[in-house]
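Welcome! Have the sequence and the 3D view open as you read, and follow along one piece at a time.

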Amino acid sequence: MREVKKALSFILTVEFWRMGIFWTLSLVMSYFQLFWQRVFTKKPNAYPRCPPQRIGTKKPICVITGATSGIGAVAAYDISKEGFYVVLVGRSSQLLSKMIEWIHKKNKDACVEAFEVDLSSFQSILKFKDSLEKWLLDSDMHVSVQLLINNAGILAASHRLTEEGYDQMMGTNYIGAFSLTKLLLPLLKNSPIGSRIVNVTSFTHRNLFNVQIDKETVVGKCLSRSKRYPFSHIYEFSKLCLLMFSYELHRQLHSTDESCKVSVIAADPGAVETNIMRELPSYISRMTFIALNLLGLLRSPEEGASSVIDAALAPPKSSSEKDRSLDSCGLKKLVL
């Protein structure tokens, strides 16, 4: 009865209707764009996957965040099958240990390492960067990273602050990914072969218009002053920031150094059945998945992860195309 009351109370909020109506329309719009592209343009909807190159006899390194459940867990397993040495990043050491066991059970040849990291904490990210470099040296591997997948994300239903005083959802979904990418960029640039950053974004960013981007907004202070925490709005904004960061980082890398081998791709997996709505009333999350499934818009974690792997293994762009700032794969290879 308590869960029913929570669900009814949530239905009366603006957040429910924003998610129920506008997020669904954004998803439909994304699929319509995919259909339009497939029928009326010559742009490819799918790219062939390129097998990763080895560094001598060593496997290339893939760092993946949010790797203990949902898309991240499946993507970690899939990328291990492609020949990467997978570095799992997550908040729970217990779940990370279970993930290593699960991957080894399904792929006996998998090479997996795990680090406990809180992406909403600068200190935790800094500690991880130092630990990763030490591990690479101690393991007699090339001190570089070939693939970084920024997959971690949360949908927080209540306002919480990070250690640095930032909104936790902004801190995890964008600021953490931004900080991790910047800290690992030297390792990505140090790779003797081409390296790539894949940022997992969301179709929900389409709901934002006339957004003012400044420090107050990015850290979530401006949005969190509302009487009721506008979590759907903040989630959309965090994903928009991550998408814009992807564009700008790729542009900067290749405008300052034409020989740069680091590429940046944003991947939108669409609406995937994961536990991201775990903070919402259970009845709401269950009904959401049922409705999306009936509409044919719901994807499994395996289907969602395939978009991320497609982005990770997409062929490098030719030199004549380097001025294009971003490839965006997802929604069955949807180009946003």
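## Helix H10

Helix H10 covers residues 301-313, and its end C-alpha atoms are 18 Å apart; at 1.5 Å a residue, its 13 residues should span 18 Å, which agrees. Keep in mind as you look that this is a predicted model.

How many of the 13 residues of H10 are buried? The count is 11, so the helix is largely enclosed by the rest of the structure. Among the buried residues are Pro301, Gly304, Ala305, Val308, Ile309 and Leu313. The buried set also includes Ser306, Ser307 and Asp310.

Ile284, Ser285, Phe289 and Leu292 are its buried residues. Seen down the axis of H9, these fall within an arc of 130°, so they line one face of the helix. An α-helix has 3.6 residues a turn, so residues three or four places apart point the same way.

What do the buried residues of H9 pack against? Their partners are helix H1 (2-11), helix H2 (14-40), strand E7 (271-272) and strand E8 (298-299). The face turned away from this buried side carries Met287 and Leu294, which are exposed. Just after H9 comes Gly296, with a positive phi of about 75°.

The loop between E7 and H9 holds Pro281. Pro281 has 12% relative accessibility and therefore counts as buried, since the cut-off for that word is under 20%. Leaving aside residues up to four places away in sequence, Pro281 touches Glu3, Lys6, Ala7 and Phe10. Lys6 is 275 residues from Pro281 along the chain, yet their C-alpha atoms are separated by 6.1 Å.

## A span annotated in UniProt

An unreviewed UniProt entry carries the annotation "transmembrane region" for residues 16-36. In the model, that span is 100% helix and 0% strand, and its end C-alpha atoms lie 30 Å apart.

## Strands side by side

E1 pairs with E2 in the parallel sense over 5 bridges, and Val63 stands opposite Val87 in E2.

E1 also pairs with E4, again in the parallel sense, over 3 bridges. Here Cys62 has Leu147 of E4 as its bridge partner. Strand E4 (residues 147-150) has both faces covered: Leu147 and Ile149 are buried on one side, Leu148 and Asn150 on the other. E4 is joined to strand E5 (residues 195-200) by 4 bridges, and these two strands run parallel. In this pairing, Ile149 stands opposite Val198.

Helix H5 (residues 122-138) has 17 residues and reaches 24 Å from its first C-alpha to its last, close to the 24 Å expected at 1.5 Å a residue. Which residues of H5 are buried? They are Ser124, Ile125, Phe128, Leu132, Trp135 and Leu136. Viewed down the axis of H5, they fall within an arc of 105°, so they line one face of the helix.

The cover over these buried residues includes strands E1 (61-65), E2 (85-90) and E3 (111-116), along with helix H6 (168-189). On the other side of H5, Gln123, Lys127, Lys134, Leu137 and Asp138 are exposed. Asp140 follows H5, and its phi is positive, near 60°.

## The nonpolar cores

Some of these names return in the largest nonpolar core, which has 65 residues. Ile61, Val63, Phe128, Leu132, Trp135, Leu155 and Met169 have the most contacts inside it. Not counting residues up to four places away in sequence, Leu155 touches several residues, including Met19, Trp23, Met169, Phe231, Tyr235 and Leu280.

A second, separate core has 32 residues. Ile64, Ile71, Ile79 and Ala305 are among them.

Terms used: Residues numbered from 1 in each chain as written. Predicted model: local features only at pLDDT ≥ 70, side-chain atom pairs only at ≥ 80, totals over all residues. Heavy atoms only, no water. Expected span 1.5 Å × (residues − 1). Buried < 20%, exposed > 50% of the residue type's maximum accessible area, 1.4 Å probe, protein only. Arc of directions from axis to C-beta. Contact = heavy atoms within 4.5 Å. Core = buried A, V, L, I, M, F, W, Y, C linked by side-chain atoms within 4.5 Å. UniProt positions renumbered as here; feature names shortened; annotations may be inferred. Pairing = 2+ DSSP bridges.
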